[in-house]
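This report looks at how two chains are put together and at what lies inside them. The sequence and the structure come before the text.

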Amino acid sequence: MSAGLRAGVLPGLALALVAGVVGAQVAAGGGDFAPLRPADACADRAVTSQADGIEGLTEQLVLRGIDDAACTLDVSREALTLELAQQEEPTDAQVDAVRDGLRAAVGELADEDALPPSSSLVDEALEGSDLNRFVKGAIRLVPDSVVDDALPTEDVLTRAVDELDVRAVLSDLDDAEALNEAVQDAVTQAVRDELTDRVRNLV
Amino acid sequence: MGLLLTVTVGLVLADSAIVTLALPEMLEQLDASVTEVAWVLISYNLVLGVLAVPAALRPLRVRPRILAAAGIAVFAGASAWCAAAPTIEVLIAARCLQAVGGAFALVGALELLVARSGERRGVAAWVTAGVVGTAAGPVAGGLLTEAISWQAIFIAQVPFAALAVPAALAVRTRHQGQAVPEPAVSHRPVIGHNVTLALLSAALTAALFLLVLLLVEGWRHSPATAALTVSVIPVAALAAQPLARLLRTTPDLELAAGCVLVAGGLVGLALPPSADLWWTVAPQALVGLGLGLSVDELTHRAMEDRLPRARHAAWTISARHLGVVVGLAVLTPVFTADLLDAEEPATEAIAALVLDAPLQPDDKISVARALGSHLTDQRGQVPELDGAFAELDVRAEDEAAVADLERGLDDQLDRSVSLAFRDSYLVGAGLAALALLSVGLTAAAGAARRSRARRSLV
């Protein structure tokens, strides 16, 4: 090997080693090892819940509602969640966006035919109610099909959202359980109110 | 005797980065801020860099045995003071004094090693001890911190230095008992090689300082694990010389290869595909090989045929340690700013995973509450999430999903921190690329000078 060629071996080896190592790192995803980027809040997102009944429904409504609110406010779902959790008081725009988001979430679930029949919510609603036992018994005697026909779930949930004190709920996010309870209570209350109205009308 | 002096040279230069892995423990025990703790590192390098050349002035250098013994004694005493420092201010003051002793010890030890082993072998031992000390410092510091405490780093140095004092006094020189005569000529320092050395040292700071911070503070490994991981660099640095002898090339090309390897290794460290420690091994090997090929060659060439030898050696010390200070000054603001910027995307990624976690709503709320208070408590640092999960009481059916969520959140933290370090590594790679440019310019200037000399002869 000539002296010139021999002299080039070490720099050539250095370049080859660098290309090999950096190439292997990049091929294995080295350039993409970055934190998850928040998805576009306006894009469709599959929302599921591990819970059944009112609790599961509530979770789906909250997750979809926050998504819609974030889309309205032009921020990510995660940024809105963190903002709401860190602020003392929500802004008017946030309150309005969350209320509209919850309403839209009810509509989306209805459009997807994903709302449970209202009869499936009745037992849970009655469980925590302070109705007298005769009214409770009368309601339980009503066949599910009658309840479902009389009480469209979408109407019940829309009433629940309208009656929900969104500002109070968002102000109390430090106590995360309070959020869940407040939304659940509103749903339960709405189911209960609709049912008692109908039963009293019947009686 | 020669071995003790060589070890002392290695210790003085290892101290440049030996405390890197101990910084988190110092921060906690001495109740210091990050900036104050960074000064434990900066102060030593700054004082050593500034004092090295004055320490080699003729009046001090004429009696190298006294110079070396006094320097080593001050270094030993200051090391003991560092170990006993009750506050960060005292520790920084002790580190400054340690560097003062170190500067005199380095200059004196070079003269004694040459007197004992001859010019070539003495200089080679001094240079090699410096390279090995620099590369092995963080490893030794990390192991001692993990096994005992950060104070052990300094205590361990005292006996070696204490034994080196009589060893220095016992070295027989040709001018036994008399002043070393000043050489008839006095060469100017080689600016090109010293600038390259400074740039490369600044770049190596990214590997020696940032990597251990990434491993301990970012990826949350123990100092011992981090120390073992970064031991790749000194091992590879030791392998560089046999490789260079095998593939004999010109000194300029060897330096260029070294700079390319350091720059490439830092790019590799900037692009890890995961937080698995194995992904740091190959880039570190590149950095270690580059360090082994370039730093001792540059030091040799900056001192080669230059008189007085000690002053030119001092210029190399000055270039290296001021390079480290420049590296810290450039890289620290970049990575601290990037680390702060990483907080928001990391928190959002955590929020996304929690919102989408396949958990019962009440368990999801429990996780969110625990994480919320935990992250608030640890704001300003990379959080440890296992504490939040340890306090959780979730239903049995959700335990597997919670464990998956914890792994997912840890992965998001690893990703955020790794991304935050990326720019600093790339800046380090840029400094190594500047060192490569400096090698090229120095080589071109040398070629032009030789050509002019040939023409004038003709």
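## Contact between the chains

In this predicted model, two salt bridges are counted between chain A and chain B. In a salt bridge between side chains, K364(B) meets E59(A), with a distance of 2.5 Å from N to O. Between chain A and chain B there are also eight residue pairs in polar contact, with both residues at pLDDT 80 or more. On the side of chain A that touches chain B, the elements giving two or more residues are α1 (3-27), α2 (53-73), α3 (77-86) and α10 (176-202) of chain A, and the largest share, 15 residues, comes from α1(A).

The contact involves 43 residues of chain A and 51 residues of chain B. Together the two chains bury about 3900 Å² between them, of which 69% is on carbon and sulfur atoms. Of the area that chain A buries against chain B, 21% is supplied by L10(A), Q25(A) and F33(A), more than by any other three residues.

## Chain A

Chain A contains ten helices and zero strands, and 44% of its 203 residues count as buried. Among the contacts in chain A with a separation of 6 or more, 74% are between residues 24 or more positions apart.

## Nonpolar cores

The largest nonpolar core has 94 residues, and those with the most contacts inside it are M26(B), L91(B), L266(B) and Y425(B). Helix α10 (residues 191-218) of chain B gives the most to this core, with 17 residues. A second, separate core has 42 residues, including A103(B), L112(B), V171(B) and A310(B).

Beyond its neighbours within four places in sequence, M26(B) is in contact with V19(B), D31(B), V37(B), V40(B), L91(B), W150(B) and F154(B).

Technical notes: Residues numbered from 1 in each chain as written. Chains lettered and ligands numbered in written order. Predicted model: local features only at pLDDT ≥ 70, side-chain atom pairs only at ≥ 80, totals over all residues. Heavy atoms only, no water. Helix = DSSP H or I, 4+ residues; strand = E, 2+ residues; numbered from the N terminus. Buried < 20%, exposed > 50% of the residue type's maximum accessible area, 1.4 Å probe, protein only. Contact = heavy atoms within 4.5 Å. Core = buried A, V, L, I, M, F, W, Y, C linked by side-chain atoms within 4.5 Å. Buried area = accessible area lost by both parts, 1.4 Å probe. Salt bridge = Lys/Arg side-chain N within 4 Å of Asp/Glu carboxyl O. Polar contact = N/O pair within 3.5 Å; in protein donor to acceptor, adjacent residues only side chain to side chain.
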